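Take a look at the structure below. Keep it in view as you read, and find each residue as it comes up.

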Amino acid sequence: MSCETFSFIILIPLVTLYFRSFNGKMFLHSQSGVRLVSVLIVIAGSALSDQIPASPFSNELGYQYFASASKFPSEILSSITSNTNYEDRQCAIDIRRILAGLQNFEDWAIEFFNQDIKDNRTVDEQYCKVDEPIKLRPIDIFAIAFILFIVFCMLASSIYDYIQTKKGSRKHPLFLAFSVITNAKKVFSVKKVDSPDVIHCLNGIRCFSMMWVVMGHGYMTFYDLPHINKNKFFTWTETPFSMLVQNGTLCVDTFFFMSGLLMLWGAFREMEKTKGKLNIPMMYFHRYIRLTPVVAVVILYIMSLYKYSGAGPMWMKLGTQDKRCEDTWWATLLYVQNYAFPNKICISQSWYLAVDTQLYVLSPIFLIPLWKWGKKSLPPMIVLVLLCIACTFATFMFNDFTLFRVQDEHVDLRQRLTYYPTHTRIPTWLMGVIFGYFLFTKNRGRKIPLAKRWVISGWLLAFGIMLTDLWGPYWRIRPENPDSPIIEGAFYEPLSRAAWALSMAWIVWACYNGHGGLINDFLSWTFFTAFSRLTYCMYVIHRIVQLVNAARLQTDTHFSDYEAVMRWWHDFGLTLCASIFATLAFESPILGIEKAIFGSVPDSWGRLPFGLMWGHTISMGQFEECVTISRAFDIDYLLKGKYCLAKLPIKGFVEKINKTSDLSRAISYKKKDPEYFELGICVPSSCSANMADNLLKTIIKTVFNQDIKDNRTVDEQYCKVDEPIKLRPIDIFAIAFILFIVFCMLASSIYDYIQTKKGSRKHPLFLAFSVITNAKKVFSVKKVDSPDVIHCLNGIRCFSIMWV
């Protein structure tokens, strides 16, 4: 009797998939289909003849077991002819409890498949794809020719550079513009320059902000993927870690603050040389020629070769950047896309470039008064900052925007009114300008002393503000807490940006004046100098890399922070490689040409396994959903889920299909037909692997009409129940060992740092674990001219390990 019950549980997903026959007709629409469901209900009825307690969870428990295992592919379903028995009484009781939530399956199935949806369009031509030969358009041919021309220029210029170097002859600057040898030296040079005109810590800040941007955009793209556990996203938004992503927009304010600071710093240095004169036309020209080449190349790629970069179901949804650029590319090249097409920006993240360029165009309005009248020109600027903050506040109040974007029903409108517009970004940018003015006029070339207690207070206050900006709103998103009022979001949005800029100002000031300690040493690390030169190209390119990688997916994915971080590393690595090429091929050459011409200028049951004919012989289902099932029945009994990965022999079935199918080799493999189909199933934890094996064999007999009693389908080593972690002695030793190593690294680094500051002698043994000393050894790039060193082996080793 228990066996019939278990059979029904496993057969439910089989029947749902069997509703489709080989010719594509819906099986349930036929009388035989309804009759089959009726037979199942009869079997279930006999299984339920014993009195069982009423299920306290309606359909939820039954649905979880039904949803958390894998379904058979419809091609291998047959008719149901028999059933069997099994011995485990507790397992039988648990199965019947689950079944109690599924007694209405027949009515539900018939009602579901008899719906009239004639008024709803189910298939659209834009989401259909036929494999066709590639036909290159004129713009595609131009893009290929252009890229080949650039590569030729790089090769020719590099060869010229190499030959002239060997001959010791003079090199013409224009012919060196595309030289990989010359440009690579400029980009990857890491020599630290001790100059009052250089703010070294900005390199580290820029690099970490860029990584934060890539991570935030990565999660945005990750959300759109076909996750089998997409509901996990909504519980993820309630975690502390998610605040790094939800409030990751603050890193944009870091860039705006640095933009205002560096714009004033560079302009004032130029005005010092010209006695207060500002060459505004040349200033605009340099800005445009500095930014546009990389943007133009990315637009060219999107409008030409992008469409050939991927294909598949997700490409139809995510691979639509070329459609966005058809009418809006010109706005991106003119840097007005944030106002002209806020909902259809060609390169989605290029709104920042538009805002930054528009602020740069407005900058003489602030630079000239600051140069002429100094502090007297500050009050109007401060008033403008307050007015822009008030404008953002009023926009939030008028449109009822919420504290969190994930809870806002008008995200597109919110982005268009409060995120993309230039006036909403003026406060942080102007704060950078004002801070830069004081740093340049009052602090440049000297270090302002500050008592230690004030230094510590400043750092604590800055970190406190940054932590408040990031995690202050966290308690509001917790489900047990009430939603925030509109006014709370209206205050938080503009004030958090301004507060973040103030914290950045402290960090830069403290590091510039020697109060940064270890933080300044880390942010000023020469490694970040080279990395920071790639950040512009990384910013322009990274979204395209993410979208291409995501849109090329043709399988289901799993949402978790681990998967997102792994995808981040993947996207970041490809973006870094593409950015190195773009910097050497477009950004550096244009600057070299400009300099040469102008000189210096500033459910857990898996769905139908698709692709059986292509070798997809595994359907893992929803492992996480299955093992997290937990329901209390009695005081001392807890019904839990048990996930098993079963192996179903299907070699004979494949051979049979290929013999009887009207198609020639319906299921075709290059080497040999698969012997097994691996299927994720979810059963109560009280059921042993032997019981699951016996019952699955019975199901195979009823479904396939095949006897597989000599094959084991379920093995205990492939079953898993969620259990509390019990650390073994070796686990404790491993944790303790790692913590000891980390402690040694911290202690040795602190010792190294203190002895360096004091100028005292360092004992070599105490430096063994120092990150500071070891990092210098590892990342030292000074070339030693010695007959005992074979330099080319370094490159051979690196390329070989990448190949490995």
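The paragraphs below go through helix pairs, aromatic rings and one serine.

This is a predicted model, in which local features need pLDDT of at least 70, side-chain atom pairs count only at pLDDT 80 or more, and totals for chains, interfaces and linings use all residues. Residues are numbered from 1 along each chain as its sequence is written, and side-chain values use heavy atoms, with hydrogens and water left out.

Start with helix H12, residues 280-303. Helices (H or I, at least four residues) and strands (E, at least two) are DSSP runs, numbered from the N terminus. How does H12 run beside helix H26, parallel or antiparallel? The axes of H12 and H26 (residues 535-551) come within 9 Å and cross at roughly 15°. Axes are lines fitted to C-alpha atoms, for helices over the stretch in contact, and angles run from 0 to 180 degrees between N-to-C directions. Angles under 35 degrees count as roughly parallel, over 145 as roughly antiparallel, 65 to 115 as roughly perpendicular and the rest as oblique. H12 and H26 are therefore roughly parallel. Their crossing is right-handed. That word applies if the near helix is turned clockwise from the far one by less than a right angle; anticlockwise makes a crossing left-handed.

Now look at the residues that touch. Contact means heavy atoms within 4.5 Å. On the H12 side, Leu291, Val295 and Val298 are among the residues that meet H26. On the H26 side, the partners include Tyr536, Val540 and Ile544. The contact of H12 with H26 divides into 12 nonpolar residues, 1 polar and 1 charged. Here Ala, Val, Leu, Ile, Met, Phe, Trp, Tyr, Cys and Pro count as nonpolar, Asp, Glu, Lys and Arg as charged, and the others, Gly among them, as polar.

H12 has another partner, H17. Their axes come within 11 Å and cross at roughly 170°. H12 and H17 are therefore roughly antiparallel. Tyr284, Arg287 and Leu291 are among the H12 residues in this contact, and Asp356, Tyr360 and Pro364 are among those from H17. The residues divide into 10 nonpolar, 2 polar and 2 charged.

The structure holds 54 aromatic pairs. Rings of Phe, Tyr and Trp (its six-membered ring) pair if their centres lie within 6.5 Å; planes under 30 degrees apart count as stacked, over 60 as edge-to-face and the rest as tilted. Phe256 and Trp351 form a tilted pair, 6.3 Å centre to centre with 45° between the planes. Phe256 sits in helix H11 (residues 250-273) and Trp351 in H17 (residues 351-373), 95 residues apart. Buried means under 20% relative accessible area, exposed over 50%, partly exposed in between (1.4 Å probe, protein chains only). Elsewhere, ring pairs link a cluster that includes Phe208, Trp525, Phe528 and Trp568.

Next, find H18 (residues 378-399) and H19 (residues 411-419). Their axes come within 10 Å and cross at roughly 160°. H18 and H19 are therefore roughly antiparallel. The crossing of H18 and H19 is right-handed. Thr395, Phe396 and Asn399 in H18 meet Leu413, Arg414, Leu417 and Thr418 in H19. These divide into 3 nonpolar, 3 polar and 1 charged.

Finish at Ser496, in helix H23 (residues 486-512). Ser496 is buried, with a relative accessible area of 5%. Leaving aside neighbours within four places in sequence, Ser496 is in contact with Leu250 and Asp469. Ser496 and Asp469 are 27 residues apart in sequence and 5.6 Å apart in space, C-alpha to C-alpha.
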